[in-house]
Amino acid sequence: LKAWVADNPNLVYWQGLDSLAAPFLFLNFNDESLAWSCLSAFIPKYLHNMFLKDNAAVIQEYLAKFSHLQAFHDPVLFNHLDDIGFIPDLYAIPWVLTMFSHVFPLHKIFHLWDRLLLGNSSFPLCVGLAVLKQLRAQLMEAQFNECILLFSDMPAVDIDNVVSTSMDIFTSTPPTLTWREHDCVREAPGPLDLCSLSVSVLKSEKVGRISGADLLSLANSSAKKVLCVDVRTQEEFKLGTLQDALNLPGEGAFSETGDLVGNKEELEMARRKGRVIAVVGSMKDRMDLTVAEG
């Protein structure tokens, strides 16, 4: 650990780095240089900038993306946890900083990391959601205090199930939903790429954003993986939209009681078929965010 800190003068030791190093030391006990090399390659790929002295923005962006992933794949569970105030900040930081090595015993970490190492830097987010899904029944019945107690002494989980579920989540998630500005440097964004957003904006939004490129990729797939809901006015909609898009003008989309008005059958059918429901609109009024979160 001292060698790693000395080799990375712009980074600092954070609690949990020892847990992160433990699997590599265990597997390479008689070859410290190899263990150090493994750790030095692992951290930049999965924990880029997590060990900065001031890492608040990096971690908060990561947690915001984790919330968006929850809302995308399991909005019912997300809404329940959000309603009771059990946010990722309260339980997921040790998961992030140690890539779950502080949570699971070593024999489970070896199995988990064997799969994690084949994925990109967003795969750990999928692992975290897979853990929540396995505990879903307990979480849905729990209130805030029960959730705190549940995660203070993590119950045993089926790691095979976590691995397979995380793979399913990863392959069914639009890549830009989990894209992070504080991840490895990317090329200059194109006109259909996501723009960088401040952490405060990400934390204020309950649903995640995907890029125009991802939306077109889903729309052009033969399996029709997306239902595009255009919330602009009818006049704007008639001027041009995506093929097979559904027009649901944001103004008047909800009744006084908060229920969605119109197009319920089409939306429910899309949900049953597992299609992504992408809400698009105009930057001038941001009704897309209002409808998506509604």
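V229 stands opposite L246 of strand β2 in this predicted model. Strand β1, residues 226–230, pairs with β2 in the parallel sense over 2 bridges. The sheet that holds these strands is open, has 3 strands and runs in the order β2-β1-β3, with parallel pairing. The protein chain as a whole has 16 helices and 3 strands.

**Sheet edges**
- The edge positions are taken by β2 (246–247) and β3 (276–280).
- Each of these two strands has a single partner, so one side of each is left without a neighbour in the sheet.

**Overall form of the chain**
- The C-alpha atoms fill a box of roughly 70 × 45 × 35 Å along the principal axes.
- The 16 helices and 3 strands belong to a chain whose radius of gyration is 21 Å.
- The globule rule gives 19 Å for 294 residues, and the value for this chain is close to that, so the chain is as compact as a globular protein of that length.
- Among contacts between residues at least 6 apart in sequence, 67% join residues at least 24 apart.

**Burial, surface and charge**
- Of the 294 residues, 41% count as buried.
- The chain exposes about 15800 Å², and carbon and sulfur atoms supply 56% of that area.
- There are 24 positive and 36 negative charges, and the mean positions of the two sets are 4 Å apart.

**L47**
- L47 lies in the loop between α3 (32–46) and α4 (56–73).
- Its relative accessible area is 1%, so L47 falls under the 20% limit and counts as buried.
- Leaving out residues up to four places away in sequence, L47 touches L20, F42, V96, L97 and M99.
- The C-alpha atom of L47 is separated by 8.1 Å from that of D183, although the two residues are 136 apart along the chain.

**R180**
- R180 is placed in the loop between α11 (159–171) and α12 (199–204).
- R180 has a relative accessible area of 2%, and this residue is therefore buried by the 20% limit.
- Apart from neighbours within four places in sequence, R180 is in contact with E61, Y62, K65 and S121.

- L47 is buried at 1% relative accessible area, and R180 is buried at 2%.

Conventions. Residues are numbered from 1 along each chain as its sequence is written. This is a predicted model: local features need pLDDT of at least 70, side-chain atom pairs count only at pLDDT 80 or more; totals for chains, interfaces and linings use all residues. Side-chain values use heavy atoms; hydrogens and water are left out. Helices (H or I, at least four residues) and strands (E, at least two) are DSSP runs, numbered from the N terminus. The radius of gyration is taken over C-alpha atoms; the globule rule is 2.2 Å times the number of residues to the power 0.38. Buried means under 20% relative accessible area, exposed over 50%, partly exposed in between (1.4 Å probe, protein chains only). Contact means heavy atoms within 4.5 Å. Accessible areas come from the Shrake-Rupley method with a 1.4 Å probe; for residues, only the protein chains shown count as cover. Lys and Arg count as positive and Asp and Glu as negative; His and the chain ends are not counted. The place of a charge is taken as NZ of Lys, CZ of Arg, CG of Asp or CD of Glu. Two strands pair if DSSP finds at least two bridges between them.
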